[in-house]
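Hello,

Here is the structure we talked about, passed on to you with some notes on what was found in it. Please look through the chain as you read.

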Amino acid sequence: MKDHDFDIVLTGWIPDFSDPTAFLGLMTEGNAYNYGSYVSEAYDAKLAEAADAATPEERWTLLQEAEEILLDDEAVSGIYQMGGAVLQNPKVTGIDHHVFGVSNLYKNADVAE
């Protein structure tokens with residue numbers, strides 16, 4: 001992949017922070033993980049706009065527009081998304097569930113009598 005010597009690649013990505021840019025930033029020009037060498041001035045500009053957005057709502061809209069550009073250009077094709085389910089007794093509180101990194105943190109867990 002690093003040599004860009006491929007026709008198609010199957011790979012995965014686990015973000016290190018909980019934000020859409022953990023995925024969207026991968027496809028910007030010059031990103032070390034942009035193995036397909038995708039380049040779109042419109043896409044990069046949309047992400048730059050989102051970084052400077054005045055409100056969270058404006059940022060969210062700009063990120064959605066960037067994603068639409070990426071998908072319309074068919075720069076990447078998602079084929080699956082990992083997920084999980086948790087069954088938790090309602091008497092147990094304080095467990096932090098995360099979608100990336102350590103899946104469950106128990107340091108604040110408590111069980112009601």
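A helix here is a DSSP run of type H or I with at least four residues, and helices are numbered from the N terminus. By that rule, Arg59 belongs to helix H3. Please keep in mind that this is a predicted model.

First, the overall picture. The protein chain contains three helices and four strands. Read from the N terminus, their order is α-α-α-β-β-β-β. The radius of gyration of the chain is 18 Å, well over the 13 Å that the globule rule gives for 113 residues, so the chain is more spread out than a compact globule. Along the principal axes, the C-alpha atoms of the chain fill a box of roughly 60 × 40 × 20 Å. Buried residues make up 18% of the 113 in the chain. Of the contacts between residues at least 6 apart in sequence, 34% join residues at least 24 apart.

Next, the helix pair. Helix H2 covers residues 41-51 and helix H3 covers residues 56-72; their axes come within 8 Å and cross at roughly 165 degrees. Angles over 145 degrees count as roughly antiparallel, and H2 and H3 are therefore roughly antiparallel to each other. Their crossing is left-handed. On the H2 side the contact is made by Ala42, Tyr43, Lys46, Leu47, Glu49 and Ala50, and on the H3 side by Arg59, Leu62, Leu63, Glu65, Ala66, Ile69 and Leu70. Sorted by class, this contact has nine nonpolar residues, four charged ones and no polar ones.

Back to Arg59, which is one of the H3 residues in that contact. Leaving aside residues up to four places away in sequence, Arg59 touches Asp19, Thr21, Ala50 and Ala53. The C-alpha atoms of Arg59 and Glu49 are separated by 7.8 Å, and the two residues are 10 apart along the chain.

Last, two backbone angles. Most residues other than glycine have a negative phi. Ser37 has a positive phi, near 55 degrees, and is not a glycine. Ser37 sits in the loop between helix H1 (21-24) and H2, and with 45% relative accessibility it counts as partly exposed. Glu74, also not a glycine, has a positive phi of about 55 degrees. Glu74 is in the loop between H3 and strand S1 (92-93), and at 63% relative accessibility it counts as exposed.

Regards

How values were computed:
Residues are numbered from 1 along each chain as its sequence is written. This is a predicted model: local features need pLDDT of at least 70, side-chain atom pairs count only at pLDDT 80 or more; totals for chains, interfaces and linings use all residues. Side-chain values use heavy atoms; hydrogens and water are left out. Axes are lines fitted to C-alpha atoms, for helices over the stretch in contact, and angles run from 0 to 180 degrees between N-to-C directions. Helices (H or I, at least four residues) and strands (E, at least two) are DSSP runs, numbered from the N terminus. Angles under 35 degrees count as roughly parallel, over 145 as roughly antiparallel, 65 to 115 as roughly perpendicular and the rest as oblique. A crossing is left-handed if the near helix is turned anticlockwise from the far one by less than a right angle, and right-handed if clockwise. Contact means heavy atoms within 4.5 Å. Ala, Val, Leu, Ile, Met, Phe, Trp, Tyr, Cys and Pro count as nonpolar, Asp, Glu, Lys and Arg as charged, and the others, Gly among them, as polar. The radius of gyration is taken over C-alpha atoms; the globule rule is 2.2 Å times the number of residues to the power 0.38. Buried means under 20% relative accessible area, exposed over 50%, partly exposed in between (1.4 Å probe, protein chains only).
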